[in-house]
Amino acid sequence: MILCAGESLIDMVPENGAFRPLAGGAVYNTAIALGRMGQDTGYLWPISRDPFGDVIMRPLAEAGVNIDLCPRTDRLTTLALVTLTNGEALYSFYDEGSAGRMMTSDDIAPLPASISALFAGGISLVPNPCGAAIEALIAQHHDRLPVMIDPNIRPFFITDPDSYRARLDRMLPMADIVKLSSDDLEWLYPGVAPEEAARKVLATGPKMVLQTGGEAGAKAIWDGPTVSAPAVRTTVSDTIGAGDTFNAGVLASFDRQGVLSKSGLASVTADQIHAALTLGAKAAAVTVSRPGANPPWAHEMIA
């Protein structure tokens, strides 16, 4: 089981002059996408007992995602107010004292033996106590479980950049796979070319750094020649959840190829990486073709 640990929230998406509440959150979206693609998936994040908590729970159940590790709480659900400019999503977060924000390590039960890989990232890494709890989870398990991290950096959400950089300096070397967009790389290494910045991250310890750039497609920077896969052309509705779905496609592909393990990723081949990037791009193309974070189901990937 691939365990996705990180934020779920409600995206308030513009619709006909009002806002439509849709379940979202970077790590949540990846969990939903993995479940819809038929992967054995678990989710870890506190879920509120408020009405929005029910909205968040429903897609998890529909996608067959295991929520045994999700504590329920009376704290409120995080809200993200979405604005769209030419299809690109920008966010304003309402998060103080929320269900997930206040998660501590005490809220995380021992991981069952069925967990075979960890995925983490998003805004859940930024504030405390939740950021410290996710960091501690990765630190405890990265020696035996393969880890993928996508920081999905939102600069306007980061009130203490130095502290967050220090957290990423500790966490990214513990990952086997790090996914960073061009914007993420620019924030980490201002003025440095994206691939050069990705190689700086690679030098800290991950097995590979996946560099994504929207229409430019995706690259894998690793100890072999750079592996590239083009974006799949489609009519874009919006980009909400695109990168999150890409992550799910990558994880699903590596899992199906039998290399989503510490030893498997240590000996991964260029062809296996290319297959993973390709499935990620294909899945993301479906998501961007329709409104909101709405990842594809398995039957939509057969084409």
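**View 1. The second largest pocket has a volume of about 400 Å³.** Of the 23 residues lining this pocket, Arg 20, Leu 22, Ala 23, Ala 293 and Asn 294 are the closest to its centre. A pocket is an open set of points on a 1 Å grid over the protein atoms alone, where a 1.4 Å probe fits, with protein on both sides within 12 Å along at least five of seven lines; lining residues have an atom within 4 Å of a point. Volume is the space filled by probe spheres set on the points, which are joined across faces, edges and corners. The model is predicted: local features need pLDDT of at least 70, side-chain atom pairs count only at pLDDT 80 or more, and totals for chains, interfaces and linings use all residues. Residues are numbered from 1 along each chain as its sequence is written, and side-chain values use heavy atoms, without hydrogens and water.

**View 2. Elements supplying the lining of the second largest pocket.** At least two lining residues come from each of β2, β3, α1 (26-36) and α2 (51-62). Helices (H or I, at least four residues) and strands (E, at least two) are DSSP runs, numbered from the N terminus.

**View 3. Strand β2 and its partners, β3 and β7.** Five of the seven residues of β2 (residues 9-15) are buried, that is, under 20% relative accessible area (1.4 Å probe, protein chains only). Strands pair if DSSP finds at least two bridges between them. β2 runs antiparallel to β3 (residues 18-24), with seven bridges, and parallel to β7 (residues 79-85), with three. Met 12 has Pro 21 as its bridge partner in β3 and Leu 81 in β7.

Methods: Buried means under 20% relative accessible area, exposed over 50%, partly exposed in between (1.4 Å probe, protein chains only).
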